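Here is a note for a colleague who is coming to this structure for the first time. The points below can be read alongside the sequence and the model.

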Amino acid sequence: MSASLPLNGAHSPGARRSKDDLDPAIYTRAIALAGSLRAGVDFMLGEQRDVWLTMEGKQTVRQAGAGYGGLWLSPLWREEFVQKALSAIHCFQRDQHYILADGKVQIVDESTGRVMPDRTWERGLHQMIESKEGCQITGQRRTLAQITYQRFFGRYLLPCGMTGTAQEVAAEMGRTYGLAVTRIPPHRPSRRTRLPDRVCADSSLRWREVARRAREVAAGGRPVLVGTRSVEASERLGALLREEGVEHTVLNARQDKAEAEAVALAGLPGRITVATNMAGRGTDIKLDPRAEQAGGLHVILTEFHESARVDRQLFGRCARQGDPGTTEAIVSVDDELFRRFAPAASRVLMKRLVSGMRTSRRWLRAWVTLVQQRAERHYRAQRAATQRQDSEWVRALGFVGKTRK
């Protein structure tokens, strides 16, 4: 039996695919029915990508399900079908959470920007998304065995590791793995300069400003790396640069096979590379001597992440090994981080402060830090809940043997 390491509710290649017990028509009907429901009336959407039916929605689903028969006559099943369909429609978006490749739905890991071709969402969600996109319905996967990352890594005799962004999670590393975090200073002084950040009133203005800024820096003979959170965002910016006649390279989950070539050219003078988080981890962009003399690589972050660690990983692509480099953030008030985690009062205040575009070194970063701390607490609580549940499983299944965690 192979182990399954679930990531964002997705099953790993260790899970076994079986013939789906459900008629594919169930998914089709559920998507069609969910698409006819009214937000705020028949169903509610939560801030954390959760969805639930109202009493009026349940009544509508009951009336529609009566004509379908079979499992639709069960309140438990029909509400499960429709809520999964609502999640597929409203909570999971193409070119952000997944892409279509070779007629198949393939999950994109937002943290790395890479496709996970052998992963599927569980409990019929993947099949609902396939139905939404008009793809062939695949069989659901059944997990034969599973283990959390925390317990898996805890089984190593001498766990250790190195990363450039561990200081923020030092306390959690200590609680989870019993490991202390030690900071090792760089062997060469850092020459990275953080420029003032900019916040725009809307997304369209943000992309125009990013394109303008990338052209401006590249015109001075410096390479530019623009980091985006999704495939859709990278392609939107790429289309804007193409319309303006600006030569550039787009690197995302669709072009992962060309990654090595794109990275090799990203350090040339005047080169503009638009990339998802594929280029945010472990990517070493070698500077051309002319580009180094011009000031080195310039990194533009276009949307803050829930974790400041991911932002720092992108900024860390420049000014490596004593090279020069600069970073800046050009974001929008309506970005996902702010919509999901910013206090309502602060969002209202921010919209009033920003009409067009504002530049800031301090107040914007202070606000972003506050919002990211709220997001970190949310995900830290989720990880803690997963560990508690895993501990309960270990105690219940006493025959699995002793574990270090």
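1. Buried means a relative accessible area under 20%, exposed means over 50%, and partly exposed lies in between (1.4 Å probe, protein chains only). A260, which lies in helix α9 (residues 259-265), counts as exposed because its relative accessibility is 63%. Helices (H or I, at least four residues) and strands (E, at least two) are DSSP runs numbered from the N terminus.

2. This is a predicted model, in which local features need pLDDT of at least 70 and side-chain atom pairs count only at pLDDT 80 or more, while totals for chains, interfaces and linings use all residues. Residues are numbered from 1 along each chain as its sequence is written, and side-chain values use heavy atoms, with hydrogens and water left out.

3. A search of the whole structure finds 26 salt bridges, a salt bridge being a side-chain nitrogen of Lys or Arg within 4 Å of a carboxyl oxygen of Asp or Glu. One of them joins E80 and K84 at 3.3 Å, N to O, and both residues lie in helix α3 (residues 75-90), four residues apart, about one turn of the helix. E80 is partly exposed because its relative accessibility is 25%, whereas K84, at 19%, is buried.

4. Another salt bridge pairs R198 with E328, whose closest N and O atoms are 2.5 Å apart. This pair links distant parts of the chain, with R198 in strand β11 (residues 197-200) and E328 in strand β16, 130 residues apart. R198 is buried at 11% relative accessible area, and E328 is buried at 0%.

5. The side chains of R229 and E336 also meet in a salt bridge, at 4.0 Å from N to O. R229 lies in the loop between β12 (224-227) and α8, and E336 in helix α12, so the pair ties together parts that are 107 residues apart in sequence. Both of these residues are buried. Elsewhere, salt bridges that share partners join R198, E209, R212, R213, E216 and E328 into one network.

6. Leaving aside neighbours within four places in sequence, D323 is in contact (heavy atoms within 4.5 Å) with R191, L287 and E292.
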